Amino acid sequence: MAHLKRIRKLDDRMSMVLILTREHPDPPAFPEHIRLPPPYVTPVPKSAALMSTSLKLKTSLWPTIYAPRKKFEPEPWTKGKIRWACDAMRQVVKLPIAAYVPVPYDEEIKTATRMSDPISAHDTRKSASHPLRHSIINLVRAVGELRASSTSSAAPSSLDHDPDALSEPHTHVITPQPSSESQPVRNGAHYLLASLTLFTTHEPCIMCSMALLHSRVKEVFYLIPMAKTGGCGSLTCVPRLEGVNHRYAGSVWKHAGAGHMSEWVKESGLIVDEACDA
Ligand SMILES: [Zn+2]
């Protein structure tokens with residue numbers, strides 16, 4: 001009894017979950033007269049389930065509680081997650097105005113959103129001679145195209161139809177998961193940028209902030225606030241407008257030492273005209 005965690009009957013089969021304790025570090029040996037297969041050791045979930053899909057999977061192994069994150073509740077940032085975010089920022093600063101959506105840090109979100117590769121885009125207004133080719137518009141559009149194409153092995157679609165964009169970071173394909181009964185698709189879980197984090201060099205303009213709202217993005221990190229054009233907090237804050245049907249978190253990326261930071265921004269060639277809408 002010291003080991004017993006749960007007994008469950010499923011159809012005509014009975015399963016018993018036992019726990020190893022410090023006092024009982026080994027699986028127990030059943031007495032001879034109890035005719036049961038010997039117990040075996042299996043790893044069990046360490047953390048609460050964030051989504052109903054994972055709740056089902058985790059609970060089949062171990063009694064697990066369901067603790068979905070509340071919207072905008074500050075999430076715990078582990079060292080691993082900080083490293084993940086820094087890597088994403090390092091990707092995004094490679095071009096003057098660029099946006100980048102990394103593969104989600106959380107395995108569960110990664111599965112639900114079907115994001116197995118990062119996706120990036122940059123501003124192509126000049127090269128494409130098109131006034132609406134902002135980096136974020138390019139990125140949202142590319143994600144839409146990828147989501148719409150059901151073939152997983154489709155060639156990476158061009159983000160901006162810009163033949164000159166040789167320096168463009170590699171564009172990746174979102175691979176739809178092979179359908180499996182054990183992983184029911186959560187409705188809406190992979191709609192555009194739902195549940196995803198976007199990193200961008202400059203605060204998105206109002207148009208882009210609205211496009212992000214429509215994309216259902218979860219959160220946006222930007223390096224350079226745009227006082228005259230920014231739609232995530234500077235000129236206005238689109239996700240906080242009344243009457244919008246989605247909200248997302250927008251945060252300025254802070255570097256240790258602001259002075260050092262502005263030097264770094266200059267050296268990185270990220271300075272754009274302050275009237276520019278990013
Ligand atoms: Zn924009």
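Helices are DSSP runs of H or I with at least four residues, numbered from the N terminus. The views below are all taken from a predicted model.

View A. Asp87 has 39% relative accessibility and so counts as partly exposed. Arg90, at 53% relative accessibility, counts as exposed because the threshold for that class is over 50%.

View B. A salt bridge joins the side chains of Lys58 and Glu108, at 3.8 Å from N to O. Lys58 belongs to helix α1 and Glu108 to helix α3 (residues 107-113), so the pair ties together parts that are 50 residues apart in sequence. Both Lys58 and Glu108 are buried.

View C. Ser60 is placed in helix α1, which comprises residues 52-61. From its side chain, Ser60 reaches the backbone oxygen of Leu57 at 2.6 Å. When residues up to four places away in sequence are not counted, Ser60 touches Arg6 and Arg8. A further reference point is Val44, 16 residues from Ser60 along the chain; the C-alpha atoms of Ser60 and Val44 are separated by 9.8 Å. The relative accessibility of Ser60 is 46%, and the residue therefore counts as partly exposed.

**View D. The Lys218–Glu219 salt bridge.** Lys218 and Glu219 form a salt bridge in which the closest N and O atoms are 3.6 Å apart. Glu219 counts as buried because its relative accessibility is 11%, the limit for that class being under 20%. Lys218, by contrast, is partly exposed, with a relative accessible area of 26%.

**View E. The salt-bridge network of Asp123, Arg125 and Asp277.** Side chains of opposite charge can pair when their charged atoms come close. In this view, salt bridges link Asp123, Arg125 and Asp277 in a network. For the model, the count of salt bridges comes to 7.

Key. Residues numbered from 1 in each chain as written. Predicted model: local features only at pLDDT ≥ 70, side-chain atom pairs only at ≥ 80, totals over all residues. Heavy atoms only, no water. Helix = DSSP H or I, 4+ residues; strand = E, 2+ residues; numbered from the N terminus. Buried < 20%, exposed > 50% of the residue type's maximum accessible area, 1.4 Å probe, protein only. Contact = heavy atoms within 4.5 Å. Polar contact = N/O pair within 3.5 Å; in protein donor to acceptor, adjacent residues only side chain to side chain. Salt bridge = Lys/Arg side-chain N within 4 Å of Asp/Glu carboxyl O.
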